[in-house]
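Subject: Structure handover

Hello,

Please find the structure below. My notes on what was found in it follow.

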Amino acid sequence: MLLNRINSKKAQTAEAMTWVVATIIILIFTFLFLFVVSIMSKSKVELSFFGSGFFEGEDAGVASQQMLFAILNSKSNSNEKEIKALIEEAQYEEVRQSVEEILGKFKEEIKCNFFVKDLNRGGYLVNINNGADGERVSLNIGQMEVGLECSQ
Amino acid sequence: MISKKGDERLLSFYWIVIFVIVTIAVVSAVVIFSSAPLDIRGIEASLLSDSLINCVSENGRIKEVFYSWDNTKSLEQVCNLYLKDMAYLDESATNQYFVAVRFEGREIKAGNDLLEPMCNAAESEKNIPKCNEKKLFLLDKEGKLILIKITSAIRKIEKNAVE
Amino acid sequence: MPFNKLKMKRATILISDIIFLVLAISFITILIVFVSRQTSSTILIEEQTAKQIALALDAMPEKTQLTIFLGEVLKEKKEGFNGEIVKIDNERNVVRVQLEEKSGYEYSFFNNLFFVAELKGEYLVIEPR
């Protein structure tokens, strides 16, 4: 009789433990859910605006565009020709050196990648990679695509 | 038999408790999410900086007008900006924006000066403006590449950060 | 006798099951109604739309035309409201979105171009002049 009583009490305790554990698990999931929602509410703007494809991101590359023009219109140190003209004349080594010098001068403040790509053959004639990660802008000069991508 | 009925009652009570907890969780989640303000000032400040970049530069060069700047000119006029928030019905309408263009030791500003120092305040502080700084290099008058910094700040706290 | 007891037992279980189910369904229905009402509250939609349009105006260069699909927003317009849903006030540089009487949300934009907006069906067409 006593054994039965003890066993049934053990069984009851075990059963009660199952419920307690189940309740704890439910509570944990509930709090996790609330936590996730509060994190999501902080990025509410991204969720409602970016999801609709309305704004692709904060930086539309306006700065990169002007910097690309600035590079192309600036003169190479060695022969006073504009970089744009050097590209047209296929002097790619000169272009690479000049642009590397320019980007090096501002590298503390701005990181940029620069390239000149042959649209016909698909290869890169100049490819300076400084690890920048931003909006890429490009334009065509003859059969070449010239591009810049900057991040701050 | 009695204990079985008792078990059933306990079970029903337990389920009711769980339901109530889940309901409270769902309701709280919806209230948290929908009452969180839609803060667009980050994007707005970035767009304001972009507007200034488009105003200051043309084909990679700094426009002449920025070299001959004087008190008769204003950024609002030259860049076609309206830096007053008329959704405010009192004089705080003029305090919601700040913009600055800096290069070669020059500084051209417009709007509420008091916003800029608050830009670097900790994120956790309430009632601080949202700021944006963009740096780029452009050709100056002499064809030399120089660094320009564009700063913009937007306050508009009541419509973006107050719950 | 035992058979009767069994029948009673079954009937008891069924009633409590039904009560349980009814409660469960009521709770879930209330939750669903509450969630859908909260997430599509008019004020929230007015705010979201006004801010989206204000940002679009800020980003707009000259000589471009912007078309925004407002189908979902127009569905939220309350019956009996015949006012302008989207109004661009060029004097105050403010966008106002209103979906019902005694409501409305305003947000300002800094782009000082003169904008003209026209609702063509479900599309809002905006042009700077």
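Two strands are said to pair if DSSP finds at least two bridges between them. Helices (H or I, at least four residues) and strands (E, at least two) are DSSP runs, numbered from the N terminus.

The model is predicted: local features need pLDDT of at least 70, side-chain atom pairs count only at pLDDT 80 or more, and totals for chains, interfaces and linings use all residues. Residues are numbered from 1 along each chain as its sequence is written, chains are lettered from A and ligands numbered from 1 in the order in which they are written, and side-chain values use heavy atoms, with hydrogens and water left out.

Sheets of chain C

One open sheet of chain C has three strands in the order β1-β6-β5, with antiparallel pairing. Its edge strands are β1 (66-69) and β5 (115-120) of chain C, each of which pairs on one side only. Neighbouring strands of this sheet are turned by 20° against each other on average, direction ignored. Axes here are lines fitted to C-alpha atoms, for helices over the stretch in contact, and angles run from 0 to 180 degrees between N-to-C directions. Six bridges join β5(C) to strand β6 (residues 123-128) of chain C in the antiparallel sense. Within that pairing, E118(C) stands opposite V125(C) in β6(C). Helix α2 (residues 42-59) of chain C packs on the sheet and touches β1, β5 and β6 of chain C; contact means heavy atoms within 4.5 Å. The direction of α2(C) makes about 30° with that of β6(C).

Another open sheet of chain C also has three strands, in the order β2-β3-β4, and its pairing is antiparallel. At its edges stand β2 (86-89) and β4 (105-108) of chain C, each with a single partner strand, so one side of each has no neighbour in the sheet. Here neighbouring strands are turned by 20° against each other on average, direction ignored. Four bridges link β2(C) with strand β3 (residues 94-97) of chain C, and the bridge partner of D89(C) in β3(C) is V94(C). α2(C) packs on this sheet, touching β2, β3 and β4 of chain C, and its direction makes about 20° with that of β4(C). The hairpin of β2(C) and β3(C) has four residues between the strands, and N93(C) there takes a positive phi near 55°. β3(C) and β4(C) pair in the antiparallel sense over four bridges; V95(C) has Y107(C) in β4(C) as its bridge partner.

Contact between chains A and B

Chain B gives 39 residues to the contact and chain A gives 40 residues. About 3400 Å² is buried between the two chains, 72% of it from carbon and sulfur atoms. Buried area is the accessible area (1.4 Å probe) that two parts lose on being put together, summed over both. F33(B), I43(B) and F137(B) supply 20% of the area that chain B buries against chain A, more than any other three residues.

The count between chain B and chain A is one salt bridge, that is, a side-chain nitrogen of Lys or Arg within 4 Å of a carboxyl oxygen of Asp or Glu. E109(A) forms this salt bridge with K135(B), and the closest N and O atoms are 2.9 Å apart. On the side of chain B that touches chain A, the elements giving two or more residues are α1 (2-35), α2 (41-56), β1 (57-58), β5 (130-139) and β6 (145-154) of chain B. The largest share, eleven residues, comes from α1(B).

Over all chains, the salt bridge count comes to 22.

Regards
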